[in-house]
Amino acid sequence: MITFSQTTIKEIEEIRRKYPTSRAALLPALYVAQREFGWLSPEAYTAVSDLLGVPEAIARGVGTFYAMYRNKPLGRHVVQLCTNVSCMILGAERLVDFLKNKYGLEPGGTTADGRFSLVIMECIGACGTAPAMLVNDDFYENLTEKYIDEILEKYR
Amino acid sequence: MGNILLKNIENPNSAELCEYRKSGGYAGLQKALGMEPKAIIDEVKKAGLRGRGGAGFPVAMKWTFASADPKFPKYLLCNADEGEPGTFKDRPILEKNPHILIEGMTISGYALGAEYGYIYLRGEYPAAKDILNKAIKQAYEDNLLGDNILGKGVKFHLAVHQGAGAYICGEETALIESLEGDKGQPRIKPPFPVNVGAFAKPTVVNNVETLSNLPYIMEIGGEAYAKIGSPDCPGPKIYCISGHVARPGVYELPMGTPLREIIETHCGGIKGGGRLKAVIPGGISTPVLPPDKIDCPMDFVNMPKHGSMLGSGAVIVMDDTVCMVKVCHRALKFFEHESCGKCTPCREGTGWLRSILGRIEQGEGNEGDIDLLLSVAGNMIGKTFCPLGDGAASVVQNFIKHFRPEFEEHVRLKACPVGK
């Protein structure tokens with residue numbers, strides 16, 4: 001059994017006040033749970049569901065519908081590389097191969113040391129500076145193999 | 001035309017309230033709060049403002065419906081779920097000019113009689129979330145949001161609601177479902193959100209760029225605004241250009257700027273002296289155009305006459321090294337991934353289109369596959385719950401319409417002929 005810290009419970013209660021219903025606080029509460037527990041484990045769903053009074057089946061349905069909720073543990077740093085058309089025509093596929101060959105990082109996979117996970121993204125709104133990726137919450141644009149090396153060096 | 005929506009974005013502190021005020025910010029709100037709500041809607045009508053999210057619906061009409069509904073409270077939702085591939089026009093407003101959006105929303109809220117607003121922000125813009133939250137806090141502190149805005153007895157509260165990575169939530173009823181804490185699956189219409197929207201109350205959903213026009217309309221008046229750009233759908237427009245041009249990026253230009261001018265003059269033409277092969281003019285769902293079809297004014301009225309749509313104004317430019325089958329396949333992979341699964345033609349159709357395109361691209365296409373693609377697409381168009389399915393099917397139809405020989409060659413050669 002995992003539980004939220006008192007600070008987090010307060011945070012979710014504050015979020016709850018922004019909406020006319022508890023249910024509306026579900027998406028933000030799942031984000032908070034993900035931040036607190038690292039991923040949305042079955043226990044995390046129970047904790048969110050108890051706190052908001054939303055049925056667990058609903059919480060899970062929502063948590064598995066959206067691409068940005070993590071339903072399995074991921075690496076310490078999440079590399080989110082866009083491969084949609086604007087990035088693709090400027091070489092994003094080559095970068096996917098590069099991450100695989102140099103870092104052993106497969107799409108949807110995690111490195112053996114748990115340092116990185118790779119998630120292939122559908123357009124992250126950086127098309128004018130393609131190819132682009134997010135590492136955790138940080139944007140990186142105009143990517144090349146060399147630049148990716150420099151960026152990943154910062155994330156231990 | 002100087003920048004209106006992207007005013008001052010080169011200033012590194014442009015997101016700060018004091019900087020926004022220095023350049024005349026919140027004067028539009030001050031003026032609006034001295035007017036009757038109906039007079040504001042009339043100005044917006046005179047301005048001829050159309051929604052910038054893609055559909056181009058007249059804003060004043062949507063507002064009139066919602067304000068006429070007696071149910072209370074009403075909600076104003078800002079669609080900041082910018083997810084149409086190729087689109088990055090709202091991001092500079094959100095990250096660099098957040099107060100123009102907050103001001104625009106407050107004016108709109110007052111005009112509509114909406115006391116609560118939410119900015120539905122896509123999950124992929126974490127920086128924008130922090131910037132918006134900070135700007136909202138500043139606005140509350142300066143009495144530009146709250147229960148008694150500028151001492152005029154007007155109430156408007158605003159919060160950011162973060163999406164979680166679902167393209168479908170750009171569709172307004174899916175966005176409302178997602179705001180209410182559900183899967184982003186579109187609702188059947190009618191009832192329309194203007195009558196039964198968020199929390200079953202009258203709700204207006206407008207795009208970031210749309211709402212950001214309000215301060216300027218208030219400042220110069222609807223008639224003067226209507227003189228900017230295309231007479232049929234006036235105003236400034238943020239075009240965002242990606243792909244093989246010399247200077248990709250965002251350009252704020254008068255609505256109706258010709259596509260050729262955008263590519264050749266503003267973006268410096270094709271990068272590295274290559275040859276133009278294809279342009280997707282308004283985000284990936286809009287019909288692709290070949291090089292001889294780009295002499296068209298980029299607005300909601302004229303683009304359909306030239307075989308495409310303005311969409312979000314996201315121009316993706318491709319040179320002759322790009323394989324059309326590959327682009328079409330990648331687009332369908334996207335639609336399959338983003339289909340919400342609610343209706344069968346879209347859920348199944350996007351998967352089959354992706355699969356057939358995949359085998360053609362891999363050199364394993366069969367004779368008859370191209371007609372099969374058209375047959376599947378034809379069975380989707382007009383039969384899906386929301387425009388996602390139509391978009392997916394029309395992408396396939398239009399790539400084949402303009403580039404059929406390239407598809408046929410893939411099947412015949414069992415390989416990609418591009419660049420060989």
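1. Which residue in the turn between β3(B) and β4(B) has a positive phi? B:Leu150 does, at about 50°. The two strands form a hairpin, with four residues between them. This is a predicted model.

2. Strand β3 covers residues 146–149 of chain B. Two bridges join β3 to β4(B), and the pair runs antiparallel. Within this pairing, B:Gly146 stands opposite B:Phe156 in β4(B).

3. β4(B) also pairs with β2(B). Here the strands run parallel, joined by six bridges. B:Tyr116 has B:His157 of β4(B) as its bridge partner.

4. β4(B) is largely enclosed by the rest of the structure, because seven of its nine residues are buried.

5. Now the interface. On chain B, 54 residues are in contact with 37 residues of chain A. Together the chains bury about 3,500 Å². Carbon and sulfur atoms account for 61% of that area.

6. Polar links cross the interface too. The rule finds 21 residue pairs in polar contact, both residues at pLDDT 80 or more. The salt-bridge count between chain B and chain A is four. In one salt bridge, the side chains of A:Glu141 and B:Arg91 meet at 3.2 Å, N to O.

7. Which elements of chain B supply at least two residues each to the side that touches chain A? They are β2 (114–121), β4 (154–162), α8 (172–179), β6 (236–243), β9 (314–319) and α14 (324–338). α14(B) gives the most, with seven residues. By class, this side of chain B has 25 nonpolar, 17 polar and twelve charged residues.

How values were computed:
Residues numbered from 1 in each chain as written. Chains lettered and ligands numbered in written order. Predicted model: local features only at pLDDT ≥ 70, side-chain atom pairs only at ≥ 80, totals over all residues. Heavy atoms only, no water. Contact = heavy atoms within 4.5 Å. Buried area = accessible area lost by both parts, 1.4 Å probe. Polar contact = N/O pair within 3.5 Å; in protein donor to acceptor, adjacent residues only side chain to side chain. Nonpolar A, V, L, I, M, F, W, Y, C, P; charged D, E, K, R; others polar. Buried < 20%, exposed > 50% of the residue type's maximum accessible area, 1.4 Å probe, protein only. Pairing = 2+ DSSP bridges.
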